[in-house]
Structure formats: C-alpha cells, structure tokens
Amino acid sequence: MTCQEFERVLTELAGEFSFEQERHLRTCLSCSELMSDLRAISQQAQFLSEDAEPSPRVWNAIDITLRQEGLIHDSSPVRSAPPGWSRWRPVWLVPALATALVISGVILHQRTKTAPATVSQVAASLQSPESTMVPEEEQLLKLVATQAPALRASYESDLRAVDAYIRDAESSVRSNPNDEVAQEYLMNAYEQRAMVYEMAMDRSQP
Amino acid sequence: MSDAKKPPNERLPEAEAIERAKQGDASAFEHLYNLHKRRVYSLCLRMTANTAAAEDLTQEAFLQLFRKIGTFRGESAFSTWLHRMAVNVVLMQLRKKGLAVVPIEETMGGEEESPKKEPGADDIRLAGSIDRLQLQNAIGELPPGYRTIFLLHDVEGYEHNEIAEMVGCSIGNSKSQLHKARMKLRELLKTSRAEKATRP
C-alpha cells in the first residue's frame, strides 16, 4: 500500500483500518505522523474556548424588539416600593418625552427648510459636543440612579452620544435642507434617543 | 462567589427561567440569554470570522428562540435546542450571502484535490502538539465550506448524518470535506510554525 492509497482511505473510513492499512501505519513514518497530527487537530478543536462575549448592544436590540412585539414584560417587583413611590410613577414620561422629541424634530425640520443656518451657527453647534443635558434627561438619569446606580454613567454616556449625533444630523439638515439622506439621519437620531429613554425608563422601574 | 451573594436572577434554575420566559417575564429572558450567549456567539464568530456578522446572527438566533419558546416541550435539552437554532440561522445567512457552505458533490480521489503543500512547511513537524490559539487562527483562514464542516463536526460535535441534513449534502461529502479541512489546517499550522521559527 502506498501513502497515496492510505490517504485516500482516510477520507472514507474515519479511523477504522484494515490489517493492510494498520501495517502501512506501522511501517510508514510519514503517514504515522499525518495520523497523529490529524487526531491532535480534531482533539484540540473540542477544547476551543468560548470566552468571547457579544457587546451589550446585542441584548439591548433583543430586548427592544421583543418589547415592541409584545412578547415580554417586566416581572412584578421583588421588594416593596419606597414610601410614596406608588403615588407617583412616571410611566407617562417615556411616551410623552418620545412624542415631544419627534414633534420638536418635525417642527425643527420644517423650520430648517426656510431658514438655513449660517456658517457661524453650524460651527457653533459642532464646537460643543459635551453641552449640558436638557432637564428631562437629568430627571431620567436621577430615576435610573435610584434603582440601578451602576448604570447611571452608562446611560448618561449613551444620552450624550445620541445628543451629539442629533446635533450633527441637525446641522447637516440645516446645511442641506433638501438632502433626503440627511433628513432620514435626523429622524433616525430622534428614534434612537427615544429608544435610549425607553431603556432607561425600564431600568428606573422598581 | 457564593450563591447567597449572587443577584437573584443568577440563582434562578434554568427550567424555572424557561417557564417564566413562556409567561413573558423579561428578567427570565435576560437570564437565559446570559446563560447561553457565549456559546452561541462563539459558534457564530467561528463560522463567520467576523464580529459584526456574529453579533447580528447571535441576535437573530435568540430572537427566533424567544419567539418560539412557547413551543419548547423539554424533549431535548434547552441548550441543544438553542444551539441547533443558532446553527440553522448561521447556515441560512451563509447561503443568502452566496458563500459556499459546502462545495458541490465531488468525486473522491485525485491529487489535485488535496491542499497544496507550501515549500518548507514539510520540514516542520507538529509532533501531535497543537497550540489552541494558532488553531483558532487557522480555522479563520479556512475556506467557508471546509470551515463549516470542521466546526460542526470537530468543534460542535455533530455527527456526519446530522451535518449532511443541516447543510444539504451527502454523508460522504461531509466526511470528505472534513478530511480536507483537517489537512488544510495541518498545512496552515505547519506554515505558521515555520514562519515563527524563521523570525529573528
């Protein structure tokens, strides 16, 4: 039996060998090494690590989609709410904020069609990426901090990032009022902010 | 960390989490996700060799799972059910992109079908010693068809009859592709070792 014949057998028998094949293995160093290497590769493959983790955005996207489809809801509170909490539960806040944002976005979009910004106005908006947050956002972050203090910084960072995205998109629309891509970007930016608000509201619930 | 110190969700048995998830409990969903996300993501990452694609496929696999969780009856292990779903999601995506999942049925035999040998690599011996990180890198360099079969069989533990059904090929083709994948990996590992040996 030649090495070529032996290798052809490897593809068919998956490790079960006849007397002749076993004899070839015993006498041929090259095929013996080949078998050893292939077995080692196969064995090591079983122990490849599963340490890699998806980024948090994967769960966030799953969470949002399942809520939109009405497949999930928050479980009932494990512990009793703080005194007075039950009298005021700002569950109206998210839809109200989201509606206000979308409406203000539409109004702004209408205004930008007739009043394009000057160069100085665009430059001014781009120079302050870390501007202060609106009062509603501060209030929302305070709510998050009461229930999930460890997440406050993360949501604050997300809100700042999405606010910067909105400022950027707004300036694009001001510069190019007829650009449909810029308009779509702006609407996407508002929707993203509404999503972050919704997630933060979820975290703020007991 | 002792059980008492873990957050409440982490102490939740999987079976109970599944029942709660069937009722729509958001925290139960999240618990199941955290239990299985690494394994599913690792599978997707190895099969696509692309982190963005792997995250999208992980998301899709879990969405399909959670949409169908009401139908889970417990005949197989939950992890098996989820894993099979993830594999199908990845294979469907690979087919959509036109990436060859498995080459067309081919006749066996013929030297021209064996992986080409790099000059000098034959002098390097693996001697049965395989570095896991190098193996991981080498898997990423395999052609998609070889990679799929190798991952499903040697990494994920599926049998050839299962692979043939999932991928849509014959058992013989599955065995042939597996052998070629291992031969290609051997060649890649030898080349990698040869390059390392010649580096100053």
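This is a predicted model: local features need pLDDT of at least 70, side-chain atom pairs count only at pLDDT 80 or more; totals for chains, interfaces and linings use all residues.
**View 1. Chain A is built from helices.**
Welcome to chain A, where you will find 9 helices and 0 strands. Of the 206 residues in chain A, 17% are buried. Among the contacts in chain A with a separation of 6 or more, 70% are between residues 24 or more positions apart.

**View 2. Chain B is built from helices too.**
Turning to chain B, you can pick out 8 helices and 0 strands. Along the sequence the pattern reads α-α-α-α-α-α-α-α. Chain B has 200 residues, and 38% of these count as buried. For contacts in chain B with a separation of 6 or more, residues 24 or more positions apart account for 68%.

**View 3. Chain A and chain B meet.**
Here you can look at the place where the chains touch: chain B brings 38 residues to the contact, and chain A brings 35 residues. On the chain B side, the elements that give two or more residues are helix H2 (26–48), helix H3 (51–68), helix H5 (132–141), helix H6 (144–155) and helix H8 (171–198). Which helix gives the largest share of this side of chain B? That is H2(B), with 11 residues. Sorted by kind, the residues on the side of chain B that touches chain A are 15 nonpolar, 10 polar and 13 charged.

**View 4. Helix H1 packs on helix H2 in chain B.**
This view stays within chain B and brings together helix H1 (residues 14–22) and H2(B), whose axes are 8 Å apart and meet at an angle of about 135 degrees. That angle makes H1(B) oblique to H2(B). If you are curious about handedness, the crossing of H1(B) and H2(B) is left-handed. From H1(B), the contact uses Glu14(B), Ala17(B), Ile18(B), Arg20(B) and Ala21(B), while H2(B) supplies Ala28(B), Phe29(B), His31(B), Leu32(B) and Leu35(B). Within this contact of H1(B) with H2(B), 7 residues are nonpolar, 1 is polar and 2 are charged.

**View 5. Helix H3 packs on helix H4 in chain B.**
Next come H3(B) and helix H4 (residues 78–96) of chain B, with an angle of about 130 degrees and axes 9 Å apart. H3(B) and H4(B) are therefore oblique to each other. Their crossing is right-handed. On the H3(B) side, look for Leu57(B), Glu60(B), Ala61(B), Gln64(B) and Leu65(B). Facing them from H4(B) are Leu82(B), Met85(B), Ala86(B), Val89(B), Val90(B) and Gln93(B). The contact of H3(B) with H4(B) has 8 nonpolar residues, 2 polar and 1 charged.

Met47(B) sits in helix H2 of chain B. Is Met47(B) buried or exposed? With 26 other C-beta atoms within 10 Å, Met47(B) is buried, because 20 or more such atoms make a residue buried. Leaving aside residues up to four places away in sequence, Met47(B) touches Val90(B), Arg147(B), Thr148(B) and Leu151(B).

**View 6. Arg46(B) is a buried residue of helix H2.**
Now look at Arg46(B), which belongs to helix H2 of chain B. Arg46(B) is buried, having 23 other C-beta atoms within 10 Å. How many residues apart in sequence are Arg46(B) and Ile139(B)? They are 93 residues apart in sequence, and 7.6 Å apart in space, C-alpha to C-alpha. Not counting residues up to four places away in sequence, Arg46(B) touches Ile139(B), Leu151(B) and Val155(B).

**View 7. Ala49(B) has a positive phi.**
To finish, move on to Ala49(B), in the loop between H2 and H3 of chain B. Most residues other than glycine have a negative phi. The phi of Ala49(B), however, is near 55 degrees, which is a positive value in a residue other than glycine. Ala49(B) is partly exposed, with 15 other C-beta atoms within 10 Å.

Notes: Residues are numbered from 1 along each chain as its sequence is written. Chains are lettered from A and ligands numbered from 1 in the order in which they are written. Two residues are in contact if their C-beta atoms, placed from the backbone, lie within 7 Å. Helices (H or I, at least four residues) and strands (E, at least two) are DSSP runs, numbered from the N terminus. Ala, Val, Leu, Ile, Met, Phe, Trp, Tyr, Cys and Pro count as nonpolar, Asp, Glu, Lys and Arg as charged, and the others, Gly among them, as polar. Axes are lines fitted to C-alpha atoms, for helices over the stretch in contact, and angles run from 0 to 180 degrees between N-to-C directions. Angles under 35 degrees count as roughly parallel, over 145 as roughly antiparallel, 65 to 115 as roughly perpendicular and the rest as oblique. A crossing is left-handed if the near helix is turned anticlockwise from the far one by less than a right angle, and right-handed if clockwise. A residue is buried if 20 or more other C-beta atoms lie within 10 Å of its own, exposed if 12 or fewer, and partly exposed in between; C-beta atoms are placed from the backbone.
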